[in-house]
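Please set out, in a short report with headings, what can be read from the sequence and the structure shown here.

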Amino acid sequence: MSLRYPCRSTEHGIARRQFLGNLAAGAGAMVGGLGVFNTPALASMLKSDQKRIVVFNMHGGLSQLESWDPKPGTETGGPFLSIPTSVPGIHVSELLPMTAQQMHHLCLIRGVNTSEDDHGKGAYLMMTGRRQTPAADYPQIGAVAAKALSVADSGLPGHILITPGGGGGRGNDSAWLGPKYSSVQLGNGNPPPNIVRPDAITEQSDAARQEFRRKVSERFLNRRRTAVTEAFTYSFEQAEKLMVQKDVFDVSKEPGSEHERYGTHDLGRHCLLARRLLENGISFVQLSHSNYDTHNENFDFHIEQLGEFDRAFSTFVADLADRGMLESTLIVVLSEFGRTPNVNLYYGRDHWSKAWSVCTAGCRMPRGAVFGATNANGTEVVEHQVDHGNLFHTYLQAVGVDSTGNFSIDGRDMPIADPSSKPIEGLLV
Amino acid sequence: MNSIELMPDPKQAHVVSQWPADRPLISCRFDPQGKYVFCGAEDAGISRFSLADGTRTAFVGGHSTWVKSLAFTKDGGHLISGGYDGKLIWWETAAATPVPIRSIAAHGTSWIRSLELSPDGSLLASAGNDSRVRLWNPADGSLLQEFSGHEKHVWSVTFDPSGRFIATGDLGGIVKEWEIATGKEIRSCDGKELWSYNGGQQVDFGGVRALSVSRDGKLLAAGGLYKASNPLGAVHEPLVLLFNWESGAIEKKLIAEGITQGVVWRLRWLADGSLMAVDGGGNGGYLFFWKPDTEKDYHRFQLPNIARDMDVHPDGIQVATVHHDRHVRITRLAAKSS
């Protein structure tokens with residue numbers, strides 16, 4: 001899939017594979033109950049040692065000046081003021097009044113310098129922790145989390161992307177971890193396609209079909225076992241399990257009052273779905289909010305976009321905190337880069353990767369903290385500069401994964417994170 | 001003393017003066033006496049430039065952020081500024097050392113986008129991002145009326161020449177007419193061609209950025225942009241919808257052929273019956289001139305830099321424009337020798 005950006009660049013990062021496209025035709029019908037944790041008390045029953053990650057991808061490049069690192073009253077500050085938060089001394093943009101009240105859960109990393117102003121390359125390095133090269137491809141954070149954090153035989157995919165629009169399918173974002181850890185994409189928050197057995201296929205005939213498929217597959221795998229053929233078989237087996245637990249993906253099961261709390265827009269619904277997925281033990285969920293590539297009229301567009309984000313995100317953080325899930329869930333709000341301190345001809349801001357911010361919360365991240373700093377105009381990092389490699393290591397360390405270790409892939413040790421980088425020193429608690 | 005209005009000759013337009021400011025400029029208005037031009041900028045200050053010699057005086061200490069809206073009391077004695085901090089602030093227009101006289105939290109903390117004084121000077125209308133329109137007594141700052149009904153940010157407000165009605169336009173391209181005495185909405189007109197929702201970028205864009213009723217009260221011009229193929233990338237074209245103000249129907253769509261990147265920021269009717277617009281965008285800054293019976297502009301004047309606001313001097317031939325390059329410029333709509 002290629003994504004078009006207002007600046008006319010193209011991201012070629014995701015070529016979707018439709019492993020689940022024919023899910024209903026390939027999977028058998030089963031019956032069973034659900035373990036949906038709908039209350040705080042039940043949610044807290046999740047294994048305390050099972051860690052999860054949720055990423056908010058602010059697609060196009062959120063302006064740090066209109067969000068986490070405001071510079072009101074300066075040449076670069078734009079028209080918005082800053083407001084105090086629930087943590088004395090920490091201010092955020094006035095566009096985030098509800099999020100400001102959750103600041104005691106958050107950790108703002110204000111010294112990010114990724115030195116990459118291209119959308120596709122910026123997204124790649126933020127998602128993989130490594131710079132893109134023609135020589136190698138690396139698994140995205142969701143795939144790594146799925147492999148490192150997922151509970152065996154949970155029956156649910158460990159790597160979910162909730163995309164703003166379009167159909168579902170399977171991502172190609174796991175590189176050498178193999179397709180088993182590729183994302184399952186929920187287009188516009190809808191359940192995976194074909195998750196319900198068609199009425200025309202009886203339970204009995206479907207079970208017979210599945211049994212036949214298993215026998216053929218086993219025979220085939222005995223002679224030609226590869227990662228791809230295993231993934232093929234796995235996708236069918238996962239599809240069967242997904243069909244049993246299909247209600248996990250059905251956000252309409254949440255009460256109307258919950259939808260109201262999160263906001264009656266796509267992002268609100270996606271955040272509520274993310275909460276539901278995490279409560280059911282899915283290791284990694286990524287949401288996207290679009291679009292922040294505001295070369296034109298940056299301020300008006302940030303009013304609109306952050307108005308949605310503020311309600312949905314703050315409610316999500318508060319809910320995870322209330323349910324005791326912040327101890328075990330890492331929240332990351334990132335973009336491919338930030339936006340220029342300079343305001344351009346069109347009241348816009350352009351791409352800026354030299355000094356921007358990432359917001360985090362949960363697990364080993366400090367609460368109510370700011371780490372790093374930019375100068376008065378926000379043009380440079382002046383304290384605790386970090387890059388994508390440091391961040392990637394740190395996310396994993398925060399959820400208890402030794403990011404300096406290796407995955408064993410077909411007998412080869414593959415570094416979990418960039419071995420030339422390291423976690424941010426002095427940040428985690 | 002007020003100037004006598006002269007007949008403009010747009011085809012003779014030429015820049016006669018330009019004065020620098022500290023920051024890119026975003027708004028401008030002449031005072032009713034015609035002695036000064038006031039400008040808002042990408043900071044919290046207002047600059048007063050003397051038309052006689054360009055002397056600049058700073059009006060600071062009032063707003064906490066950008067000032068997009070400026071108006072005056074009828075006698076010109078006081079400037080009233082509307083800021084993105086939601087405040088209305090009164091100043092003495094000609095003060096040697098200006099200080100805020102009165103400050104009102106007129107729209108909470110929402111942006112004030114437009115201010116307009118009624119024809120008889122007894123009412124000041126304000127409109128903003130709280131989707132509200134309010135009428136104030138310009139003499140004492142008391143709230144007189146509130147109009148509620150827009151569902152999106154209100155970008156523009158103007159008075160009917162009779163002074164009995166106001167027209168307002170919002171981000172969604174909706175133009176509403178309100179009765180001042182009762183506060184009731186009289187009608188809602190569809191200017192949605194000035195708005196678009198881009199599904200790919202997931203943004204609302206456009207809006208009724210400028211409104212102006214013709215001198216005879218028969219036409220309402222609503223300006224902004226259309227053909228927004230790339231809102232976040234500033235690819236859109238300027239457009240003016242001309243409503244028959246009696247029927248509420250769109251009578252004409254005024255375009256600027258060849259301008260593929262621009263937006264109308266303000267509209268003014270001139271003494272010769274022309275409608276003048278200021279435009280800014282990737283194609284630069286322009287003044288466009290239309291006759292209301294023809295969709296294409298009969299004349300356009302290219303300004304030295306992208307323009308963001310415009311006002312017409314009481315003499316009818318001096319035009320102030322403000323620009324991203326931190327300059328205010330005075331253009332005369334008359335032959336150089338006149």
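With a relative accessible area of 0%, Leu278(A) is buried, a class defined as under 20% relative accessible area, with exposed meaning over 50% and partly exposed in between (1.4 Å probe, protein chains only). Leu278(A) belongs to helix α9 (residues 266–279) of chain A, where helices (H or I, at least four residues) and strands (E, at least two) are DSSP runs, numbered from the N terminus. The C-alpha atom of Leu278(A) is 9.0 Å from that of Met325(A), a residue 47 positions away along the chain.

## Basis of the model

The model is predicted, and for this reason local features need pLDDT of at least 70 and side-chain atom pairs count only at pLDDT 80 or more, whereas totals for chains, interfaces and linings use all residues. Residues are numbered from 1 along each chain as its sequence is written, chains are lettered from A and ligands numbered from 1 in the order in which they are written, and side-chain values use heavy atoms, with hydrogens and water left out.

## Chain A and its covered helix

Chain A contains 11 helices and 19 strands, and 60% of its 429 residues are buried. Of the contacts in chain A (heavy atoms within 4.5 Å) with a separation of 6 or more, 73% are between residues 24 or more positions apart.

Helix α5 (residues 141–149) of chain A is mostly covered, with seven of its nine residues buried; among them are Ile141(A), Val144(A) and Leu149(A). The cover over the buried residues of α5(A) includes strands β3 (52–59), β7 (159–163), β10 (284–290) and β18 (406–409), together with helices α4 (119–128) and α11 (388–398), of chain A.

## Backbone features in loops of chain A

Ser290(A) and Asn291(A) are joined by a cis peptide bond with omega about 5°, and Asn291(A) lies in the loop between β10 and α10 (298–322) of chain A.

Ala175(A), which is not a glycine, has a positive phi near 45°; it is located in the loop between β8 (169–170) and β9 (184–187) of chain A and is partly exposed at 26% relative accessible area. Asp410(A), also a residue other than glycine, has a positive phi near 50°, and it sits in the loop between β18 and β19 (412–415) of chain A, where it counts as exposed at 75% relative accessibility.

The contact between the chains takes 28 residues from chain A and 33 residues from chain B. About 2500 Å² is buried between them, 52% of it from carbon and sulfur atoms, buried area being the accessible area (1.4 Å probe) that two parts lose on being put together, summed over both. The interface has three salt bridges, each a side-chain nitrogen of Lys or Arg within 4 Å of a carboxyl oxygen of Asp or Glu; Arg209(B) forms a salt bridge with Glu297(A), with the closest N and O atoms 2.5 Å apart.

In chain B, Asn305(B) lies in the loop between β27 (299–303) and β28 (307–312) and is buried, with a relative accessible area of 16%. Leaving aside neighbours within four places in sequence, Asn305(B) is in contact with residues including His323(B), Asp325(B) and Arg329(B), and a polar atom of its side chain lies 3.0 Å from the backbone nitrogen of Asp325(B).

Technical notes. A polar contact is a pair of N or O atoms within 3.5 Å; within protein, one must be able to donate a hydrogen and the other to accept it, and residues adjacent in sequence count only if both atoms are side-chain atoms.
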